[in-house]
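The following note is intended for a colleague meeting this structure for the first time. Please read the numbered points with the model open alongside.

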Amino acid sequence: MNMKTTPIPSEVVNEVIDAFGIHPAGKATIRELVKIVNDIEGITGEEYIRMEMGVPGLDPTFVGIEAEMIALRQGVASKYPNIEGIAPLKKEAARFVKMFMDVDVEPMHCIPTVGSMMGGMASFMVVNRSDKDRTGTLFLDPGFPVQKQQCLVLGHEFGSFDLYDYRGGKLRQKMEEEIEKGHYSSILYSNPNNPSWICLNEEELKIIGEISMKHDITVIEDLAYFGMDFRKDLSKPGVAPFQASVARYTENYILLISSSKAFSYAGQRIGMMIIAPGLYDRKYPDLKRYYSSEKFGHAMIYGALYALSAGASHTAQYALAAIFKAVNDGTYNYISEVREYGKKATIMKAMFQKYGFRIVYDMDLDEPIADGFYFTLSYPGFDGSQLVEKLLYYGISAISLEITGSSRTEGLRACVSQVRRDQFPVLEERLRRFSENHSIPK
Ligand SMILES: Cc1ncc(COP(=O)(O)O)c(C=O)c1O
């Protein structure tokens, strides 16, 4: 047998990549890679181990579907929802923040957005315009690439550094240095972190909070993977431990809570923006350049969110209200479902390591990195974007860490959600062939 045959015919992979025109294919964005893999699957009929995109791999939360169908039958589809959100959703969202984060906010501070994607966009549109002498965001990377795209299309400046190199107490000095250079209005990070799955601890969140107060910078805390640090049991309403948050350490924050991963509700594009009470009421005269009011909360709702979409889908708001109510009441434990991602990650990481791959972001301070929605990989002798392309010939798709702002350019991000357990034997066989064809340099 020819040692270099690959599970997916190389002529087809070459042809699709050439037609796309991005070389190496690992330089492509997430959605571009989705297209490349769809095209190869379409031609060959071979199913990929799809790890490129963070799509939930579980059924949507049934509580949401039921509530949404009832609302639809009651005719809400013909009515514009209030931009600030329907009352039951606002109430349950504030309760959720109390129950699962131990943070106090009022319903008025909880506003639905069309996914956290829109929450981020609207946050940039208001926060980064609140002071005429500052504009832009400091990203604590690695991160979700499209958030930088949002800054780009808005014409906002941004900067970033790789958090992994500045964990614990080292974070303060590095942030101070960056802020000195950057004149930023906001700081953004995700926790747990997409893609590395590091989880910022209380000491680090306290540092970020203190810096936010000292320099008057708004922290945009992206909780797209809410409750998914599976090392702790964050599933009990009103009982510690709680989802870690900067909200305990600053009065100047926006929390983005997505329904996409925690409740497998990505398709309905619904999330919540929680604005710190002090920030909501604050007046920024420079906002008047863009909005009718200098009040932050008002500018957010009747300026940014109005301009973007005039609110979030009416039925999806009913869905999220019902989901929050069920988890707040303790009748539905969402974590018991999403825990499956962590279990699959344990198996998949071990499989990759068996065939010579390494975990790139392997430590979370002094503990091994937790098993969750994503993990990061490298293979000796390749940089990340080459490795992404190479793996396409083996029926495995992932994205390069380079596009996430990571300093670990040798790495790629693997997402476990779409990989089914019944595909594990195929994954193992493909990895075995990959390692056979790519001996590790001594
Ligand atoms: C860090 C991060 N933020 C935001 C989002 C988008 O969330 P939503 O689907 O609620 O727009 C994602 C989705 O992958 C994400 O990983």
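1. Strand S7 (residues 253-258) has 6 of its 6 residues buried, so the strand is largely enclosed by the rest of the structure. Here a residue is called buried if 20 or more other C-beta atoms lie within 10 Å of its own, exposed if 12 or fewer, and partly exposed in between, with C-beta atoms placed from the backbone. Strands (E, at least two residues) and helices (H or I, at least four) are DSSP runs, numbered from the N terminus.

2. The model is a predicted one: local features need pLDDT of at least 70, side-chain atom pairs count only at pLDDT 80 or more, and totals for chains, interfaces and linings use all residues. Residue numbers start from 1 along each chain as its sequence is written.

3. In a regular strand the side chains alternate between the two faces of the sheet. In S7, Tyr253, Leu255 and Ile257 point one way, while Ile254, Leu256 and Ser258 point the other way, and all are buried. For Ile257, the count is 26 C-beta neighbours inside 10 Å, and the residue is therefore classed as buried. The C-alpha atoms of Ile257 and Tyr394, 137 residues apart along the chain, are separated by 36 Å.

4. Which strands flank S7? Strand S6 (residues 218-223) is joined to S7 by 5 bridges, and the two run parallel; strand S8 (residues 271-275) is also joined to S7 by 5 bridges, but that pair runs antiparallel. Two strands count as paired if DSSP finds at least two bridges between them. Leu256, for its part, stands opposite Met273 in S8.

5. S7 belongs to an open sheet of 7 strands with mixed pairing, in the order S2-S8-S7-S6-S5-S3-S4. The edges are formed by strand S2 (110-113) and strand S4 (158-162); each has a single partner strand, so one side of each is left without a neighbour in the sheet. From one strand to the next, the twist averages 20 degrees, where angles run from 0 to 180 degrees between N-to-C directions and axes are lines fitted to C-alpha atoms, for helices over the stretch in contact.

6. A further open sheet has 4 strands in the order S9-S12-S15-S14, with antiparallel pairing. Its edge strands are S9 (358-359) and S14 (399-400), each of which pairs on one side only. S9 is joined to strand S12 (residues 374-378) by 2 bridges, and these strands run antiparallel. Within this pair, Ile359 has Leu377 of S12 as its bridge partner.

7. The ligand is surrounded by 13 residues, the closest being Gly115, Met117, Ala224, Ser258 and Ser260; a residue is near the ligand if its C-beta atom, placed from the backbone, lies within 6 Å of it. Helix H5 (residues 115-127) supplies the largest share of this shell, 3 residues. By class, the shell has 4 nonpolar, 8 polar and 1 charged residues. Ala, Val, Leu, Ile, Met, Phe, Trp, Tyr, Cys and Pro count as nonpolar, Asp, Glu, Lys and Arg as charged, and the others, Gly among them, as polar.

8. Two helix pairs deserve attention. The axes of helix H3 (residues 62-73) and helix H11 (residues 314-329) come within 7 Å and cross at roughly 140 degrees, and H3 and H11 are therefore oblique to each other. The axes of helix H7 (residues 170-182) and helix H8 (residues 202-215) come within 10 Å and cross at roughly 30 degrees, and H7 and H8 are therefore roughly parallel. Angles under 35 degrees count as roughly parallel, over 145 as roughly antiparallel, 65 to 115 as roughly perpendicular and the rest as oblique.

9. Some backbone details lie in loops. The peptide bond from Asp141 to Pro142 is cis, with omega near 0 degrees, and Pro142 sits in the loop between strand S3 (137-141) and helix H6 (145-154). The bond from Asn194 to Pro195 is likewise cis, with omega near 15 degrees; Pro195 is in the loop between strand S5 (186-190) and H8. Asp216, in the loop between H8 and S6, has a positive phi of about 55 degrees although it is not a glycine. With 11 C-beta neighbours inside 10 Å, Asp216 counts as exposed.
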